Amino acid sequence: MRPHPKPQAFPLDMLAVNRSSPEHLSRQLYHGLVAIIRSRALPPGSELPSTRALAAELGLGRNTIVAAYDQLITEGYLANRQGARPVIVDLPEGPRETPAEAPAVPLRAPSLRGQQLLSQPYHHGRPGHVAFHPGMPDAQSFPFGVWGRLVARRASHGGETLFGTYDVTGHPALKEAIAGYLYSARGVRCRPEQIVITTGAQAAFDLLARLLLDPDDTVWMEEPGYYGAKAAFTVAGARILPIAVDQERGWRLDPPDPLPRLIYVTPACQHPLGITMRMEERLRLLDIAETANAWVIEDDFDGEYRFQGRPVPAIQSMDRSGRVIYVGTFAKLLFPALRLGFMVLPQELASRIVNALSTTGQFAPLLLQAALADFITEGHMSRHLKRMRRIYAQRRQLFRDIVTERLRDEITLSPAEAGIQVVGYLRAGIDDIKVSQAAAKRAINVSPLSKYFQNTAPTQGLVLGYVACDAAQMRDGVERLAAAIGEVLG
């Protein structure tokens, strides 16, 4: 048997309590006792003073001592004994304090997949940097009064179904509303059970990349193209081959072999150029997908805002083989922090997706989904979109006028007729990354166009969101952008 340690004086000096501290006395005592135990000022097996004796020594109430002892027993620092004082448990030494002068021991590196995740681009802006964040809608014009009432109503009468983790593919009423809306607005043919609600479009890309791609599979993707989708495919281990896109020639659907496992496109409003895919290109794309037996992800992130004619039908409406997956988001239509998006899956994939959603946890709050269903079915969204199309069209023209007047020698705006952002091509010799950095110092948030190129020589330009700014903010923002360009030019 292990010999019982010799009794030694209890180190009362390590139990200083400060009665003016906001921390409760029992917690102060707890921390002091932990320090005694961890430092081995008393060896394992030593008895602690009785609660009455320690209370008298420290001038504290006995209940304060009891509370500290009970917590130490719960956490395993002390062993309780019937009818006797608690004793200190013989704990492993655990990690030791490193001397300040000692070199830090490097942590184990993340996995290769983790390193890929950590290296992907980040561009979410900062509060107060509204001008000219790409893709940022005018949240100030959103009817938050109506929205608040809808959320409150659902919160008051949601019942059990809205407060659990049910309907992981989406609230039935919202899926029904989206199916009807997509058919009338975008020509998408689907049943509600094919719709999966996600926490935004990026969550859909991440889930689809893991579902559809194996390491070293080939993905054809637009260049310039959306770096968020590219990040999801890259982390899944895919090899990206570019589909060249430009203002004059559109989509050049002749990338090199091998044939793709997946093709990603933004045909209604190309990201970031804002052009629309022509019918011959759409048919060619579907023909390639048929030949390669490839999936197609149609990202319709901004197709609702078209300033000449009606929004064009989705490629999904032309699909006859069930290979097009349509991804949409409410971030541009309503406000980004809502974090609600959706995807329309082929029936066979939709019937099994619940298992993947359960594993990843990528399902959205039902309360918000139910409120959004009401927002759509009661006509609030159609009224909001109609109003915002009118406002955005006016702001688009004003922005073009201001930039042309103030920066005609430095920036040429693209003629795109869709979307809530526009590309400004920089004059030769101006570095777009340096301009974006200089603009950020002036609280202006722009995205360098070169960041959207990965495999080919980049074009120098800026992706400029303009709809979140009123006239005064727009003029002030352009002046700050002009100052940033001036700094880069020296």
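Hi everyone! Let's start with the sheet: eight strands form an open sheet with mixed pairing, in the order S3-S10-S9-S8-S7-S4-S5-S6. A strand here is a DSSP run of E with at least two residues, and a helix is a run of H or I with at least four, numbered from the N terminus. Two strands count as paired if DSSP finds at least two bridges between them. The edges are S3 and S6 (250–252), each pairing on one side only. On average, neighbouring strands in this sheet are turned by 25° against each other, direction ignored.

Before we go on: this is a predicted model, where local features need pLDDT of at least 70, side-chain atom pairs count only at pLDDT 80 or more, and totals for chains, interfaces and linings use all residues. Residues are numbered from 1 along each chain as its sequence is written, and side-chain values use heavy atoms, leaving out hydrogens and water.

Now, which way do the residues of S10 (341–344) point? Gly341 and Met343 point one way, Phe342 and Val344 the other, and all are buried, meaning under 20% relative accessible area with a 1.4 Å probe, protein chains only (exposed is over 50%, partly exposed in between).

S10 pairs antiparallel with S3 (195–198) over four bridges, and Ile195 stands opposite Val344. Four bridges also join S10 to S9 (324–329), again antiparallel, with Val327 opposite Met343.

For a parallel pair, look at S4 (218–223) and S5 (239–246), joined by six bridges. There, Met221 stands opposite Pro242.

Key: Axes are lines fitted to C-alpha atoms, for helices over the stretch in contact, and angles run from 0 to 180 degrees between N-to-C directions.
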